[in-house]
Amino acid sequence: MMPKLRTAVVVAGAALLARRAVRRRIQASPLWPMPSLAEPISGRPRALTVTVSAHEEIADGVVQLRLEGHGLPRWEPGAHLDLVLPSGLVRQYSLCGDPEDASAYTVATRLVGDGRGGSREVHERVRPGTELQVRGPRNRFPLVEAPSYLFVAGGIGITPVLPMLRSLAERDAEWRLLYGGRTRASMPFLEEIEKLDAGRGRVTLVAEDEAGRPDLATWLGGAPKSAAVYCCGPEGLMAAVEERVPRVHLERFAPRAAAGGDVAFEVELRRSGRVVTVPADCTVLDTVRAELPDTAYSCAQGFCGTCRQRVLEGEIDHRDELLTDAERDDSMLICVSRARGDRLVLDL
Amino acid sequence: MSNKQATARGPQPVETERIALKARKVSFSWEDTPLHWVPGDPFTTHTINVLHLLLPAGERWFVHVYKQVLPYIRDERLREDVIGFIGQEAMHSQAHDEVLPHLRELGLDPTPYTAQVDWMFEKLLGDRTLPPGRATRWWLKERVALIAAIEHYTAFLGDWVLNAEELDRRGADPVMLDLLRWHGAEEVEHRSVAFDLFQHIDGGYRRRARTWATAFATLVFLWQRGARFFMENDPTLIDGRASFRDFHLRGRQGLLPSTGAMLRSVPAYLSRTYHPSQEGSTEQAVAYLASSPAAVAAVTAEQGTA
């Protein structure tokens with residue numbers, strides 16, 4: 001009889017203690033005892049809302065926008081932003097303001113007459129007070145550590161280079177810039193660039209109407225092997241620089257065929273060992289499904305993520321609204337996104 | 001053996017007509033939705049708000065699992081249904097996800113809770129490191145069965161919200177009601193897909209019962225915890241509490257599903273002749289989708305771009 005009673009008392013006491021402990025634990029943290037994901041996915045803002053606070057023409061045909069918002073993410077020189085225009089078009093613009101400024105982003109854009117309509121919209125429909133959605137910033141043109149730097153910028157291609165120059169000038173690093181444009185009046189930021197040079201002759205300005213095309217061969221000829229080379233500008237300029245310096249860092253501010261809508265490109269399906277051509281009026285998904293009918297897809301509008309595929313090589317022109325920046329580095333939604341270059345390699 | 005019998009007596013769909021499932025790309029603007037979107041009734045508001053906590057992660061998980069099942073489907077029609085189902089679920093997940101930043105702006109940060117739900121669906125129920133073959137297939141079947149059980153409840157709730165006229169009478173926010181009813185209508189519309197897929201992939205009665213028990217217990221656990229979380233953290237309530245009594249009372253008033261209906265749904269799913277098409281009305285769902293402001297706007301926008 002006695003031992004049984006004692007057991008009962010001990011068990012009851014233990015249960016009471018356990019209950020109190022659990023209660024206290026719950027009071028301290030009501031959502032105990034489930035673990036949580038370190039970087040939550042749900043409820044993450046997809047896009048930031050910014051307001052255009054200034055819209056000014058800083059050179060012939062070049063408009064600079066100041067986009068104000070709250071607590072904007074920091075960025076590094078070379079970064080760009082996805083701007084969702086009022087019509088729903090998404091365009092990428094390099095950031096050219098102050099990276100430390102968390103209250104505003106600055107971008108500059110040139111009006112391209114035959115472009116895909118993005119620049120025309122920025123010039124004509126976007127006004128101070130317009131609210132826009134932005135995504136990013138992302139950087140695929142980062143400033144690497146190097147003993148010296150060479151920059152080749154063509155026209156509006158100066159935008160990602162400018163913050164790099166500012167940061168290098170602050171560190172007093174060794175750099176040189178070749179900046180070309182059609183006319184001096186059409187080349188933005190000339191004054192600031194001359195100020196950054198501080199009269200030390202590191203900047204070569206070449207306006208086509210005065211001096212013709214820049215002499216790349218001579219200018220790049222004297223470059224030390226260890227220098228980091230950056231180029232942003234028209235396709236022809238970048239190709240010419242890449243031919244002479246294959247290690248160059250390039251930034252395309254528009255897919256290879258920006259003018260006149262989509263173009264055809266090649267897709268290699270590496271695991272199946274096939275190569276297909278995606279016609280201009282056809283999606284990657286349709287083309288791939290003709291070869292591999294089992295390829296998963298669903299909404300075909302770029303929001304469900306079912307058709308996401310890993311991209312092994314090639315630059316992607318992302319046109320979905322779903323993928324995060326990290327996911328965009330090596331995957332794409334093949335139902336809407338296309339190639340920026342003329343070739344993609346998919347892990348299919 | 002048991003599942004052979006089950007198929008012989010057969011859970012059979014009652015409707016022969018089938019509709020093609022199509023994802024509608026909806027969008028809602030939340031600027032004008034107040035914190036207590038059922039006026040003067042924080043408990044009802046927050047109990048329904050728990051949907052926004054569970055669905056973004058949950059439906060993302062559905063999509064993730066179903067993508068892996070696609071290669072195992074040998075029935076072409078079912079395959080098409082599943083493809084449509086995935087797109088609809090993905091849109092549901094995003095539509096509810098967009099409510100969360102709005103709640104944060106109103107001073108009710110859901111992140112502590114959603115981070116846990118994210119953990120559950122991404123880690124606990126995610127792709128585990130399993131040897132390829134039997135173990136991987138078992139885990140996939142188990143998850144397909146879980147989704148079928150959960151879809152039983154989403155269809156139940158969808159059917160309920162389509163008929164919850166009391167919410168209109170209380171002046172609930174029209175945008176939120178449209179989100180819930182658009183979602184509910186699509187759930188009713190595709191209510192058979194998850195169950196048909198489960199029958200196609202496995203169909204075992206024991207697995208159905210076991211996963212139902214897991215899903216039901218987890219849903220009850222998560223739901224009461226979510227309602228408590230919202231009530232305690234609501235910045236406008238001094239001593240916010242959630243209790244089962246409140247739930248039962250609201251159920252009787254028609255503001256929330258009634259306890260009786262919830263209990264009756266249990267034997268329904270566990271019946272060997274159960275098929276989701278026996279419950280809810282496709283016509284009602286399709287009729288709502290034809291009049292839902294968000295769904296109509298989505299269809300118009302798509303025709304505009306096409």
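**Note on a predicted two-chain model**

1. The buried residues of helix α5 of chain B are B:Y113, B:T114, B:A115, B:Q116, B:V117, B:D118, B:W119, B:M120 and B:F121. These buried residues pack against α2, α4 and α10 of chain B. The model under discussion is a predicted one, and the remarks below should be read accordingly.

2. On the chain B side, 33 residues are in contact with 21 residues of chain A. Elements giving two or more residues to that side are α2 (42-69), α3 (76-97), α4 (99-105), α5 (111-124) and α10 (205-233) of chain B. Of these, α5(B) gives the most, with 12 residues. By residue class, the side of chain B that touches chain A divides into 20 nonpolar, 5 polar and 8 charged residues.

3. Chain B has 14 helices and 0 strands. Its elements, read from the N terminus, run α-α-α-α-α-α-α-α-α-α-α-α-α-α. The radius of gyration of chain B is 19 Å, close to the 19 Å that the globule rule gives for 306 residues, so chain B is as compact as a globular protein of that length. Along the principal axes, the C-alpha atoms of chain B fill a box of roughly 55 × 45 × 35 Å. Of its 306 residues, 44% count as buried. Among the contacts in chain B with a separation of 6 or more, 84% are between residues 24 or more positions apart.

4. One loop position in chain B deserves a separate remark. B:D32 lies in the loop between α1 (2-9) and α2 of chain B. This residue has 9 C-beta neighbours inside 10 Å and therefore counts as exposed. B:D32 and B:V175 are 143 residues apart in sequence, while their C-alpha atoms are 8.7 Å apart in space.

5. Chain A comes to 9 helices and 18 strands. A compact globule of 348 residues would have a radius of gyration near 20 Å, but the value for chain A is 27 Å. The box filled by the C-alpha atoms of chain A is roughly 110 × 55 × 45 Å along the principal axes. Of the 348 residues of this chain, 34% count as buried. Residues 24 or more positions apart account for 63% of the contacts in chain A with a separation of 6 or more.

6. One sheet of chain A is open and antiparallel, with 6 strands in the order β4-β3-β6-β1-β2-β5. At its edges stand β4 (90-94) and β5 (104-110) of chain A, each with a single partner strand, so one side of each is left without a neighbour in the sheet. The twist averages 40° from one strand to the next. Within this sheet, strand β1 (residues 48-59) of chain A is joined to strand β6 (residues 131-138) of chain A by 4 bridges, and the two run antiparallel. A:T51 stands opposite A:E131 in β6(A).

7. Another open sheet of chain A has 5 strands in the order β9-β8-β7-β10-β11, with parallel pairing. Its edge strands are β9 (203-207) and β11 (249-251) of chain A; each has a single partner strand, so one side of each is left without a neighbour in the sheet. Here the twist averages 10° from one strand to the next.

8. Two pairings of the parallel sheet can be described in detail. Strand β7 (residues 148-154) of chain A has 6 of its 7 residues buried, so this strand is largely enclosed by the rest of the structure. β7(A) pairs in the parallel sense with strand β8 (residues 174-181) of chain A over 7 bridges, and A:S148 stands opposite A:E174 in β8(A). Strand β10 (residues 228-232) of chain A is joined to β11(A) by 3 bridges, again in parallel. The bridge partner of A:C231 in β11(A) is A:L250.

Conventions. Residues numbered from 1 in each chain as written. Chains lettered and ligands numbered in written order. Predicted model: local features only at pLDDT ≥ 70, side-chain atom pairs only at ≥ 80, totals over all residues. Rg over C-alpha atoms; globule rule 2.2 N^0.38 Å. Buried ≥ 20, exposed ≤ 12 C-beta atoms within 10 Å, placed from the backbone. Contact = placed C-beta atoms within 7 Å. Pairing = 2+ DSSP bridges. Axes fitted to C-alpha atoms, helices over the stretch in contact; angles between N-to-C directions. Nonpolar A, V, L, I, M, F, W, Y, C, P; charged D, E, K, R; others polar.
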